Amino acid sequence: MKFGGTSMAGTERIRRVANIVRAQAAENSEGVSSEVAVVVSAMAGETDRLINFCREANAIYDPAEYDVVVASGEQVTSGLLSLTLQSLGCKARSWLGWQMPMKTIGAHSKARIETIDAPEMVASIEAGEVAVVPGFQGLSLEGRIATLGRGGSDTSAVAVAAAVGADRCDIYTDVDGVYTTDPRIVAKARKLKAVTYEEMLELASVGAKVLQTRSVGLAMKEGVRLQVLSSFVGDDAVSADELPGTMIVSDEEMDELVEKGLMERQLVTGIAHDKNEAKIILTRVPDKPGAVAHIFEPLADASINVDMIIQNVGRDKGETDVTFTVPQADLARAQAMLEDKADLIGFNRIITDSHIAKISVVGVGMKSHAGVASTMFRALSDRGINIQAISTSEIKVSVLIDEDETELAVRVLHTAYGLDAVD
Ligand code: ADP
Ligand code: ASP
Ligand code: MG
């Protein structure tokens, strides 16, 4: 069971979470009780608050020390949930990332889980004690605290589920499932009974923050059954087996659901937006072999993820403009790095813009049907929304637009693809 930040925001809400955990751990109507491991996020807003402290302390901060600071939010909630469970008469203890241990590799602030080898924790769970694990944090190869990137508690939960061989991994959040788009933006968004791993992976990677991308990839790889459901239930908490959330399913399971008439096949499954990217334009880059490699190699070395890339048609004099996007959080570092390499790359000016949003439509139906992209371009242009960049994959089309037009674009596309709920 994993509980997100909104579900953990304050002692009242933690008590509600403790009730849900207790209901799951208790015997069900058939007399079967579940062994439970719980992964928790920091209280809502806490991670942002801690990140701001880091920025104030040092604008270009050391990611290892940043991890020390931001991992603390989850330490607090794991202890508080254990205390609350104990107050309800439920045996529980916390297992911090370094105690399990959850070993990670890769860069600080975006580390990846390598192994969880926690025989003591497994023994404690088998002895009837609820294991409470702080999400988002692990132990690096150097023995330091590492964090898994924003939204990383979802991935902690899937990794723990895989490590203990759980029957299911339930992600409890502040909405009751995965919708056709963010239900906070489009009131007519529809809840999906099920969504395939492949589509959820793509939706998450283009900004549907309900699940962290890596959590979906890991669940797919490890065969973890994943469900998204709401922690905001009434006072009489019931076990998740009786709650209808959204199941993340394999293609075969989806085919069965469609055959039984429980799901409809749609051309577009969902629409996502992402306001966390920034655009960089390098003007008058030499149009010759090796020029783009000079731009992207230093960014790769610094573990900065580049997303959309456009190399414009060469101008006269063998020069071209190169436009690409990076996460907003990495913009300052990327800019500093590129300016440092200005002579090597040979560009004229660097122009940056954080006031952009990426809007994406996702659906496996695109593999076999034409016209999805043109519907998108037409719907946006009818509303006067200008497209600054485009990228596609087999099951996705993304465009870059002005951030102010995000909500409008998502709503217009939701209608254009026939996804609006009929009341
Ligand atoms: P948690 O703190 O529980 O991890 P998050 O804020 O990370 O919760 O994710 C839940 C939020 O994801 C929802 O409140 C919703 O606004 C947003 N969201 C974005 N896209 C979707 C979608 N397609 N379906 C459901 N929720 C979505
Ligand atoms: N607290 C972390 C974050 O806000 C991790 C998580 O909640 O999943 O990104
Ligand atoms: Mg989250």
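These legends go with close-up views of a predicted model.

Residues are numbered from 1 along each chain as its sequence is written, and chains are lettered from A and ligands numbered from 1 in the order in which they are written. In this predicted model, local features need pLDDT of at least 70, side-chain atom pairs count only at pLDDT 80 or more, and totals for chains, interfaces and linings use all residues, while side-chain values use heavy atoms, with hydrogens and water left out.

**View 1. Ligand 1 and the residues around it.**
There are 17 residues around ligand 1, and T173, D174, Y179, D182 and R184 come nearest (a residue is near if one of its heavy atoms lies within 4 Å). Sorted by type, this shell gives 6 nonpolar, 6 polar and 5 charged residues; here Ala, Val, Leu, Ile, Met, Phe, Trp, Tyr, Cys and Pro count as nonpolar, Asp, Glu, Lys and Arg as charged, and the others, Gly among them, as polar.

**View 2. Polar contacts of ligand 1.**
A polar contact here is a pair of N or O atoms within 3.5 Å. R184 puts a polar side-chain atom 2.8 Å from an oxygen atom of ligand 1, and K2 does likewise at 3.1 Å from an oxygen atom. On its own ligand 1 exposes 570 Å², and the protein buries 90% of that (Shrake-Rupley areas, 1.4 Å probe).

**View 3. Ligand 2 and its shell.**
Around ligand 2 sit S41, T47, E74, F136, R150, G151, G152 and S153, which split into 1 nonpolar, 5 polar and 2 charged. A polar side-chain atom of T47 is 2.8 Å from a nitrogen atom of ligand 2. Backbone polar atoms take care of ligand oxygen atoms: G151 at 2.8 Å and G152 at 3.4 Å. Taken alone, ligand 2 exposes 270 Å², of which the protein buries 86%.

**View 4. Helices α13 and α14 packed together.**
Helix α13 (residues 372–382) packs on helix α14 (residues 406–416) at about 130 degrees, with their axes 10 Å apart; helices are DSSP runs of H or I, at least four residues, and strands are runs of E, at least two. Axes are lines fitted to C-alpha atoms over the stretch in contact, and angles run from 0 to 180 degrees between N-to-C directions. That makes α13 and α14 oblique to each other, because angles under 35 degrees count as roughly parallel, over 145 as roughly antiparallel, 65 to 115 as roughly perpendicular and the rest as oblique.

P101 belongs to the loop between β3 (92–94) and β4 (102–105).

Key:
A polar contact is a pair of N or O atoms within 3.5 Å; within protein, one must be able to donate a hydrogen and the other to accept it, and residues adjacent in sequence count only if both atoms are side-chain atoms.
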